[in-house]
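Please look over the sequence and the structure that follow. The briefing after them takes up a few topics in turn.

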Amino acid sequence: MDAMRSNMTSMPDMAAMDMSVLQACMDACAACEQACTVCSTQLMDCAPACMNCADMCNTMMRSMMRMQGMTPASMMAMLDACIAMCQNCMDDCMKHADHSEVCRMCAQTCKDCMDACMAVKDMMMAAA
């Protein structure tokens with residue numbers, strides 16, 4: 001967490017961020033990437049949304065691991081994009097949730113990732 005804290009402080013006005021909230025978001029992004037990747041292999045009509053969401057979650061997680069060069073505005077835009085992609089994937093997977101445990105799991109993981117991204121956004125807005 002100390003390395004993450006020093007990395008985060010490279011972003012303007014973010015020295016007061018709670019690293020556990022950031023870590024929870026990175027964990028949620030990693031879980032969502034994995035669930036979406038598994039779900040996309042079912043070759044249902046949600047597969048494109050799942051593949052896109054997996055890519056976005058990976059990008060979000062990697063961006064959070066290396067804050068150098070990030071600004072609060074760019075971080076907020078990334079979080080918004082991740083939330084939007086997760087929402088789209090969750091909506092598509094919910095269409096199959098009644099008959100696909102994989103889609104149900106994927107949708108829940110997308111919801112968890114959206115919540116974690118919102119927690120980071122809320123923390124950033126409070127710290128600004």
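A residue is called buried if its relative accessible area is under 20%, exposed if it is over 50%, and partly exposed in between, with a 1.4 Å probe and protein chains only. By this rule N88, which has a relative accessible area of 36%, is partly exposed. This is a predicted model, in which local features need pLDDT of at least 70 and side-chain atom pairs count only at pLDDT 80 or more, while totals for chains, interfaces and linings use all residues. Residues are numbered from 1 along each chain as its sequence is written, and side-chain values use heavy atoms, with hydrogens and water left out.

**The chain overall**

- The protein chain has five helices and zero strands, where helices (H or I, at least four residues) and strands (E, at least two) are DSSP runs numbered from the N terminus.
- Along the sequence, the protein chain therefore reads as the pattern α-α-α-α-α.
- Of the 128 residues in the protein chain, 46% are buried.
- Taking contacts (heavy atoms within 4.5 Å) between residues at least 6 apart in sequence, 70% join residues at least 24 apart.

**Two packed helices**

- Two packed helices are described by the angle between their axes and the distance between the axes.
- Helix α2 (residues 19-40) packs against helix α5 (residues 101-127) at an angle of about 155°, and their axes are 8 Å apart; the axes are lines fitted to C-alpha atoms, for helices over the stretch in contact, and angles run from 0 to 180 degrees between N-to-C directions.
- That angle makes α2 roughly antiparallel to α5, since angles under 35 degrees count as roughly parallel, over 145 as roughly antiparallel, 65 to 115 as roughly perpendicular and the rest as oblique.
- In the contact of α2 with α5, the residues divide into 23 nonpolar, one polar and one charged, with Ala, Val, Leu, Ile, Met, Phe, Trp, Tyr, Cys and Pro counted as nonpolar, Asp, Glu, Lys and Arg as charged, and the others, Gly among them, as polar.

**Cysteines**

- A search of the whole structure finds zero disulfides, a disulfide being a pair of cysteine sulfur atoms within 2.5 Å.
- C39 is in no disulfide, and the nearest cysteine sulfur, that of C103, is 3.6 Å away; C39 is buried, with a relative accessible area of 0%.
- The sulfur of C93 is too far for a bond because the closest cysteine sulfur, in C50, is 3.5 Å from it, and C93 is buried, with a relative accessible area of 0%.

- N88 lies in helix α4 (residues 72-94).
- The C-alpha atoms of N88 and C53 are separated by 8.2 Å, although these residues are 35 residues apart along the chain.
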